[in-house]
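Please keep the viewer open as you read.

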Amino acid sequence: MPRGQAPAKVNLYLEVVGRRPDGYHDLRTLFQTVDWGDGVEVERTATSGVVCETQGAVLPSDDANLAVRAAREWLEAAQAPGGAHVRLEKRIPLGAGLGGGSSDAAAVLRLLQTTPGALPHDRLMQLAVSLGADVPFLIEGGTAVGTGRGDVIEPRPPAPRIAIVLMLAPFPTSTATVFGRVAERLRRAPEHGLEKALEALASGVPEKIRDAHHNDLAEASMRAYGEMLRFASTAEKRLGRPPCVTGSGSTLFDVPDVGEVDEVLARLQGLQGRRQVVWATAGSPS
Ligand code: C5P
């Protein structure tokens, strides 16, 4: 049975360029997948329809679950007979800015592509785009720049070995709500911010990666959610430096020196939520 990983992603840099006529926002972002995520299995079945079993979280079993929608739309596009059985082992929290739902959907598409009737690559990417802005990146993963809605992907060379300490908040944030607050007042990103973030990542020097980190959604997330503001300020006090924010939150992260990981974890003891140490990975996760 096709089985694979649905890795979490972080945004090492995220700039909101402006609002689009379709209600979405144009972005310039640096995506990075990590070696931790959900487990996904997909089995083609003789009976029609998509059945989804989930462990580790309660998710809808209909199209409101992006993994179910991905399977149904793939079967339709491939004009495949029968249906599919999807099993999700959820580890990535929902509403965490780690791309969990999008990565599950991308993994379902990747796994179905290994079964008879694979779609041509451009049709697959079209389907990925229609599912969500982060899905196209998560088809391949690794290191990439995203423009447009974040769905126009330009792969970059694999990142050097860097450790990332995720600070998982005990509450979710809504991407749509956070983007709604950005529209009120666009913050100005640093000049050549994306280029600096790419250079910093290529250098593999954690301090440079932290310094080059910028996320226009961070402030919006903190304006929309008081608990996010409190979480980030407590994390900053404990860490002794500003934490990075992935996507629209609620996860914060730090990029420590490899030898500094244990010390960072010790400093973060007592912070609400839990911590997860992960490593940047190269693409093609399954
Ligand atoms: O694409 P996805 O379904 O993950 O996006 C969730 C919501 O976030 C969208 O409905 C939209 O309100 C907002 N969004 C945006 N601009 C983007 C990506 C997402 O405004 N580039």
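A word on conventions comes before the tour. This is a predicted model, in which local features need pLDDT of at least 70 and side-chain atom pairs count only at pLDDT 80 or more, while totals for chains, interfaces and linings use all residues. Residues are numbered from 1 along each chain as its sequence is written, and side-chain values use heavy atoms, with hydrogens and water left out.

Start with the ligand, which sits in the largest pocket. Here a pocket is an open set of points on a 1 Å grid over the protein atoms alone, where a 1.4 Å probe fits and protein lies on both sides within 12 Å along at least five of seven lines; a molecule sits in it if more than half of its atoms lie within 2 Å of its grid points. Around the ligand (a heavy atom within 4 Å) you will find Gly 23, Tyr 24, His 25, Leu 27, Gly 132, Ala 133, Arg 149, Thr 175, Ala 176 and Phe 179. Sorted by class, this shell holds five nonpolar, four polar and one charged residues, with Ala, Val, Leu, Ile, Met, Phe, Trp, Tyr, Cys and Pro counted as nonpolar, Asp, Glu, Lys and Arg as charged, and the others, Gly among them, as polar.

Which elements supply at least two residues of the shell each? They are β2 (25-45) and α5 (175-182), where helices (H or I, at least four residues) and strands (E, at least two) are DSSP runs numbered from the N terminus. The largest share, three residues, comes from α5.

Now look at the polar contacts, pairs of N or O atoms within 3.5 Å. A polar side-chain atom of His 25 is 2.7 Å from a ligand oxygen, and a side-chain N or O atom of Tyr 24 lies 3.4 Å from an oxygen of the ligand. Arg 149 uses a backbone N or O atom, 2.9 Å from a ligand nitrogen. The protein buries 74% of the 460 Å² that the ligand exposes when taken alone, by the Shrake-Rupley method with a 1.4 Å probe.

Strands β5 (residues 143-147) and β6 (residues 152-155) run antiparallel and are joined by four bridges; pairing takes at least two bridges in DSSP. Val 145 faces Glu 154 in β6. Four residues separate the strands, and Gly 148 has a positive phi near 65° in this hairpin.

Most residues other than glycine have a negative phi, and most peptide bonds are trans. Gln 79, not a glycine, has a positive phi of about 50°, and it lies in the loop between α1 (66-77) and β4 (83-89). The peptide bond from Gly 249 to Ser 250 is cis, with omega near 10°; Ser 250 belongs to the loop between β8 (244-245) and β9 (252-254).

Conventions. Polar contact = N/O pair within 3.5 Å; in protein donor to acceptor, adjacent residues only side chain to side chain. 1 Å grid on protein atoms, 1.4 Å probe; cavity = no way out; pocket = protein on both sides within 12 Å on 5 of 7 lines; lining within 4 Å.
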